[in-house]
Amino acid sequence: MTAASPLRPGAPERLARIDAVLEAAYRSPEADLGNKADPLDEAIYIVLSFQTDLARFSSTWSRLRAAYPSWDALERASAREVARVLRGGGLHRQKAKTIRSLLADVRSVAGEHSLDLLRHMNDDEAEKLLTRLPGLSWKAARCVLLYSLGRNVLPVDSNTFRVLKRTGVLSRQAVYRRRSLHNAIQAAVPAPRRRSLHVNLVVHGQRTCLPRNPRCPCCPLNAECSKIGLDVSAGKERADGLRYRGVGTRSNRKRYPTVGG
Ligand code: SF4
């Protein structure tokens with residue numbers, strides 16, 4: 001590894017051990033996460049997931065689809081009406097604005113409310129197109145690639161970032177919003193293992209390695225975890241612990257600064 005790498009020495013081997021332990025513990029319960037087979041549905045689902053938990057954004061998704069069975073209907077609605085539907089899901093005004101802009105841009109690029117054109121692109125082309133759309137980060141783009149297009153990519157969400165920093169896979173200086181971090185983690189995991197490891201890391205972050213008060217005593221990684229950023233005696237995150245900030249790509253962060261993750 002070079003000095004600038006966000007990965008600590010031995011990261012690929014440590015990731016392989018984490019993969020094996022988490023697979024034995026969780027068995028990659030992908031259906032629990034509710035991701036979507038359609039690429040535009042998945043992109044909007046990920047926008048709804050920013051800065052909130054699975055229960056809240058799953059329920060927000062259901063309300064959104066009940067109110068707007070077609071994306072055409074949603075784009076025709078006012079931002080205020082859409083925000084009203086999203087209320088309770090966190091950042092409802094910003095997400096309403098982002099989703100309407102996303103739909104307008106998709107219609108402009110594809111001629112319809114569909115991202116099926118991605119199916120004919122390679123991973124780099126598809127990721128480039130997606131990260132130019134409002135509100136979509138590298139993580140969001142790779143979720144679309146993984147869940148809707150079946151590509152061998154590894155999205156790094158806030159759960160993954162937190163778990164990999166605490167366990168010592170990532171250096172203390174690793175910064176979430178750098179694309180090099182996302183690329184380095186993905187490159188360190190063999191392509192056939194990326195999907196299940198991603199799912200298991202998300203689930204582990206939601207159920208066990210919580211942002212506050214992680215459940216270390218019952219964690220399957222307890223014996224080998226470095227617990228970086230945690231005050232082990234108090235079981236709490238230190239003030240200098242792990243900070244996660246939402247991320248967009250440079251272009252869409254300027255336009256939609258409050259969402260992205
Ligand atoms: S031992 Fe604690 S900090 Fe380490 S992965 Fe498990 S829950 Fe997270």
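**Close-up views of a predicted model**

View 1. By class, the shell around the ligand has 8 nonpolar, 3 polar and 3 charged residues, where Ala, Val, Leu, Ile, Met, Phe, Trp, Tyr, Cys and Pro count as nonpolar, Asp, Glu, Lys and Arg as charged, and the others, Gly among them, as polar. Of the 14 residues around the ligand, those that come nearest are C209, P214, C216, C219 and C225; a residue is taken as near a molecule if its C-beta atom, placed from the backbone, lies within 6 Å of it. The model is predicted, and local features need pLDDT of at least 70, side-chain atom pairs count only at pLDDT 80 or more, and totals for chains, interfaces and linings use all residues. Residue numbers start from 1 along each chain as its sequence is written.

**View 2. Packing of helix 2 against helix 3.** The axes of helix 2 (residues 39-49) and helix 3 (residues 54-67) come within 9 Å and cross at roughly 130°, axes being lines fitted to C-alpha atoms over the stretch in contact, with angles from 0 to 180 degrees between N-to-C directions. Helices are DSSP runs (H or I, at least four residues) numbered from the N terminus. The two helices, helix 2 and helix 3, are therefore oblique to each other, a class left over once angles under 35 degrees count as roughly parallel, over 145 as roughly antiparallel and 65 to 115 as roughly perpendicular. On the side of helix 2, Y45, L48 and S49 meet F57, T60 and W61 of helix 3, contact requiring C-beta atoms, placed from the backbone, to lie within 7 Å. By class, this contact of helix 2 with helix 3 has 4 nonpolar, 2 polar and no charged residues.

**View 3. Packing of helix 7 against helix 8.** Helix 7 (residues 123-131) and helix 8 (residues 138-148) have axes that come within 9 Å and cross at roughly 130°, and the two helices are therefore oblique to each other. Helix 7 contributes D123, A126, E127, L130 and T131 to the contact, while helix 8 contributes W138, A141, V144 and L145. These residues divide into 6 nonpolar, 1 polar and 2 charged.

**View 4. Confidence along the protein chain.** The mean pLDDT (the predictor's confidence in each residue, from 0 to 100) of the protein chain is 89, and 87% of its residues reach 70 or more. Among the elements, helix 1 (residues 11-26) has the highest mean pLDDT (98) and helix 12 (residues 250-255) the lowest (45).

Methods
Two residues are in contact if their C-beta atoms, placed from the backbone, lie within 7 Å.
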